[in-house]
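Look over the sequence and the model first, then read on.

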Amino acid sequence: MTSPQPAPPLGGVIESVLYTADMKQARDFFKRVLGLEPHLEDERFTAYPTGNTMLLVFQRGQTGETVRLPNGMGTIPPHDGDGRQHLALAIPAESLDDWEAHLADQGIEIEGRTRWPKGSVSLYFRDPDGHLLELVTPGLWPNY
């Protein structure tokens, strides 16, 4: 019996997804609190550029059917999610104090603050859907 071949290399995460119960409220939060501007938006989703990735926010319950793209481009299979999810966003170390002040100005409670062994710091807070968002400075992971 031969050994299985290793998987080909990955280039990174391109999209991360959160699901919302209220798209208008989510859009307001991501713009007001995180300063994100939509790249694309419709009634089902909003796509936000975040560095080299896209944050997709989908309206909960609106992605349960296959999406057929125009001009025979293909299909997107159904997906959905509920419950509280987690997303970490990179910030420069020198902006940590500014982010803490900004979150306070926006009335956002910081639920947790962690100083990691290599000096990275994480701030944890919630979006309107209860998702745990994290702002993290460099050094948390070997690739960041």
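Which residue follows α2, and is its phi positive or negative? The residue is Gly107, and its phi is positive, near 75 degrees. Keep in mind that this is a predicted model.

**Helix α2**

α2 has three buried residues: Leu96, Trp99 and Leu103. They sit on the same side of α2, because they cover an arc of only 60 degrees around the axis. An α-helix has 3.6 residues a turn, so residues three or four places apart point the same way. The other side of α2 carries exposed residues: Asp97, Asp98, Ala104 and Asp105. The cover over the buried residues of α2 includes β8 (112–115), β9 and β10.

Now for the strands. An open sheet of 4 strands has the order β7-β10-β9-β8, and its pairing is mixed. β7 and β8 stand at the edges with a single partner strand each, so one side of each has no neighbour in the sheet. On average, neighbouring strands here are turned by 20 degrees against each other, direction ignored. β9 and β10 are antiparallel, paired over 5 bridges. Within β10, Leu133 stands opposite Phe125.

β1 and β4 run parallel and are joined by 6 bridges. Tyr19 stands opposite Phe58 in β4.

**The nonpolar cores**

Which residues have the most contacts inside the largest nonpolar core? They are Phe30, Leu34, Leu55, Phe125, Leu133 and Leu135, in a core of 23 residues. Six elements each supply at least two residues of this core: α1 (23–32), β4 (53–59), β7 (86–90), α2 (96–105), β9 (121–126) and β10 (132–136). The largest share, 4 residues, comes from α1. Apart from this core lies another, of 5 residues, among them Tyr19, Phe45, Ala47 and Leu56. In soluble globular proteins, nonpolar side chains tend to be buried together.

Leaving out residues up to four places away in sequence, Leu135 touches Leu34, Leu89, Ile91, Trp99, Leu103, Val121, Ser122, Leu123 and Phe125.

**Two residues set side by side**

Is Gln59 buried or exposed? Gln59 counts as buried, because its relative accessible area is 16%, under the 20% cut-off. Gln59 belongs to strand β4. His39 lies in the loop between α1 and β2. His39 counts as exposed, because its relative accessibility is 51%, over the 50% cut-off.

The table lists their contacts, not counting residues up to four places away in sequence.

| Residue | Relative accessible area | Contacts |
|---|---|---|
| Gln59 | 16% | Thr20, Ala21, Asp22, Met23, Glu43, Arg44 |
| His39 | 51% | Ala47, Pro49, Met54 |

His39 and Leu56 are 17 residues apart along the chain, and their C-alpha atoms are separated by 10.0 Å.

Definitions and conventions: Residues numbered from 1 in each chain as written. Predicted model: local features only at pLDDT ≥ 70, side-chain atom pairs only at ≥ 80, totals over all residues. Heavy atoms only, no water. Core = buried A, V, L, I, M, F, W, Y, C linked by side-chain atoms within 4.5 Å. Buried < 20%, exposed > 50% of the residue type's maximum accessible area, 1.4 Å probe, protein only. Contact = heavy atoms within 4.5 Å. Arc of directions from axis to C-beta. Pairing = 2+ DSSP bridges. Axes fitted to C-alpha atoms, helices over the stretch in contact; angles between N-to-C directions.
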